[in-house]
Amino acid sequence: MSSSSSSSTRVSQLGAASLAALLAAVCLLHAGGAAAAELSVDYYDCTCPDAYKIVQGVLVEAHQSDPRIFASLIRLHFHDCFVQGCDGSLLLDTFDGMESEKDARPNNGSARGFDVVDAAKAALEDACPGVVSCADILAIAAEISVELSGGPGWNVLLGRLDSFTSSKADAENLPGPFDGLDVLRAKFRNATLDDTTDLVALSGGHTFGRVQCQFVTGRLYNFSGTNQPDPSLDATYRAFLSQRCPRNGDGTSLNDLDPTTPDNFDRNYFTNLEVNRGFLQSDQELKSDPGAAGTTAPIVDRFAGSQEAFFSSFVNSMIKMGNIRPVTDPSQGEVRNRCAFVNSN
């Protein structure tokens, strides 16, 4: 080997060593700076660089046998962030007298996908033990679920820790399918979200997935105690739903939230609202409530006319929602080894 090539080799080796040292230093900053850290897109670049791909692989496999799973997973992220912030509290089982959010009325019997979150956590623990939080798994899974369903992708901010507690009482007050517009707006304000654009954009998550008959039978047969159907419900659509959800029928029977493209993430949720074909009362309220004319209805109109406008607002609102009270101080949270249990248990 010539003197010049030997020198080049030593320079290359020195450069590689310096790069490795730099990466190690960056990783150390990530590991040691959690108390003051903001959420960041590159949070796991050093400590678990394949985290996104690992979660994506688990979701793709789960979807092969469960076409509902993508919609179910984004719902878990919503319900987690609206209670105590985005801290994985929804995933905790009941223990030591603390009641699980899973048992609250909005979640019990309808929230699903916990097994897929557990599978993603197990795969991540195999690859990089003790690194990726369950709260971040929910955030990553929500983005993957939307994108793989034809919706927009976005850079997911990461670095959340998992809470030590959950709150069944707070989960009882999640935005619900029977809420009127004023109640919905108040709940979004209480969650530090905008009560018009964020409300309408995030409600657009109902553009895919399934819903049980029990959440529409009141609109079909006894709206607001009148023994009459909801007058805002399109008559043809009402007849269709009445066949699917007969009076005194099985309340757990499933229906498409969007009858036009039930598994696609698109603007059709809003085009359905335009013609009074929203499945849930809380959905149709965005367009048909008397107070919607100067608040939410114009946004519904805009999104119905432009998928690009919907996608752009949805991404912004998801990022805002993912930033609701994240735990980043290690004295206030942890990276759970199993999502259903705090590590001391």
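Q: Which residues is Glu101 in contact with, leaving aside its neighbours within four places in sequence?
A: Contact here means heavy atoms within 4.5 Å. In this predicted model, Glu101 is in contact with Val83, Gln84, Ser89, Leu90, Asn107, Ser166, Ser167, Lys168 and Ala171. Glu101 sits in the loop between α3 and α4.

Q: Is Glu101 buried or exposed?
A: Anything under 20% relative accessible area counts as buried. Glu101 comes out at 0%, so it is buried.

Q: Which residues does UniProt list for "binding site"?
A: The unreviewed UniProt entry gives Asp80, Val83, Gly85, Asp87, Ser89 and Glu101. Across 22 residues of sequence, no two of their C-alpha atoms are more than 12.8 Å apart, so they gather at one spot.

Q: Let's take another of those. Where is Asp87 found, and what does Asp87 touch beyond four places away in sequence?
A: Asp87 is in the loop between α3 (69-81) and α4 (114-127). Asp87 touches Asp80, Ala135, Leu161, Asp162, Ser163, Val327 and Arg336. With a relative accessible area of 2%, Asp87 is buried.

Q: How many residues does the largest nonpolar core have?
A: The general idea: in soluble globular proteins, nonpolar side chains tend to be buried together. In this case, the largest nonpolar core has 76 residues, and those with the most contacts inside it are Phe270, Phe314, Met318 and Met321. Helix α5 (residues 134-148) supplies the largest share of this core, 9 residues. There is also a second, separate core of 13 residues, which includes Phe215, Leu220, Leu233 and Leu257.

Q: What is Met318 in contact with, leaving aside its neighbours within four places in sequence?
A: Met318 is in contact with Ile74, His77, Phe78, Ala142, Trp154 and Leu202.

Q: Which residues in α14 are buried, and what covers them?
A: Start with the helix itself: α14 (residues 307-322) has 16 residues and reaches 22 Å from its first C-alpha to its last, close to the 22 Å expected at 1.5 Å a residue. The buried residues in α14 are Ala309, Phe310, Phe311, Ser313, Phe314, Val315, Ser317, Met318, Met321 and Gly322. Their cover includes α3, α5, α8 (197-203), α11 (268-274) and α13 (297-305). In one of those helices, α8, lies Ser203, which counts as buried at 12% relative accessibility. Ser203 is in contact with Tyr269 and Leu286, leaving aside neighbours within four places in sequence.

Q: How many aromatic pairs does the structure hold, and how do I read one?
A: A pair of aromatic rings is described by the distance of the centres and the angle of the planes. This structure holds 15 aromatic pairs. Take Phe265 and Phe310: their ring centres are 5.6 Å apart and their planes are at 10°, so the pair is stacked. Phe265 lies in the loop between β2 (254-256) and α11, and Phe310 in helix α14, so the pair ties together parts 45 residues apart in sequence. Phe265 is buried at 2% relative accessible area, and Phe310 is buried at 0%.

Q: What about the rings of Phe270 and Phe303?
A: Their centres are 5.2 Å apart with planes at 70°, so this pair is edge-to-face. Phe270 is in helix α11 and Phe303 in helix α13, so to speak a link between distant parts of the chain, 33 residues apart. Both Phe270 and Phe303 are buried.

Q: Which residues do ring pairs link into a cluster?
A: The cluster holds Trp154, Phe208, Phe265, Tyr269, Phe270, Phe303, Phe310, Phe311 and Phe314.

Q: Which residue lies over the face of Phe114?
A: That's Lys102, at 4.7 Å from the ring centre.

Note on methods. Residues are numbered from 1 along each chain as its sequence is written. This is a predicted model: local features need pLDDT of at least 70, side-chain atom pairs count only at pLDDT 80 or more; totals for chains, interfaces and linings use all residues. Side-chain values use heavy atoms; hydrogens and water are left out. UniProt positions are given in the numbering used here, feature names are shortened, and annotations may be inferred rather than shown by experiment. Helices (H or I, at least four residues) and strands (E, at least two) are DSSP runs, numbered from the N terminus. Buried means under 20% relative accessible area, exposed over 50%, partly exposed in between (1.4 Å probe, protein chains only). A nonpolar core is a set of buried Ala, Val, Leu, Ile, Met, Phe, Trp, Tyr and Cys residues joined through side-chain atoms within 4.5 Å. The expected span of a helix is 1.5 Å times one less than its number of residues. Rings of Phe, Tyr and Trp (its six-membered ring) pair if their centres lie within 6.5 Å; planes under 30 degrees apart count as stacked, over 60 as edge-to-face and the rest as tilted. A charge sits over a ring if NZ of Lys or CZ of Arg is within 6 Å of the ring centre and within 35 degrees of the ring normal.
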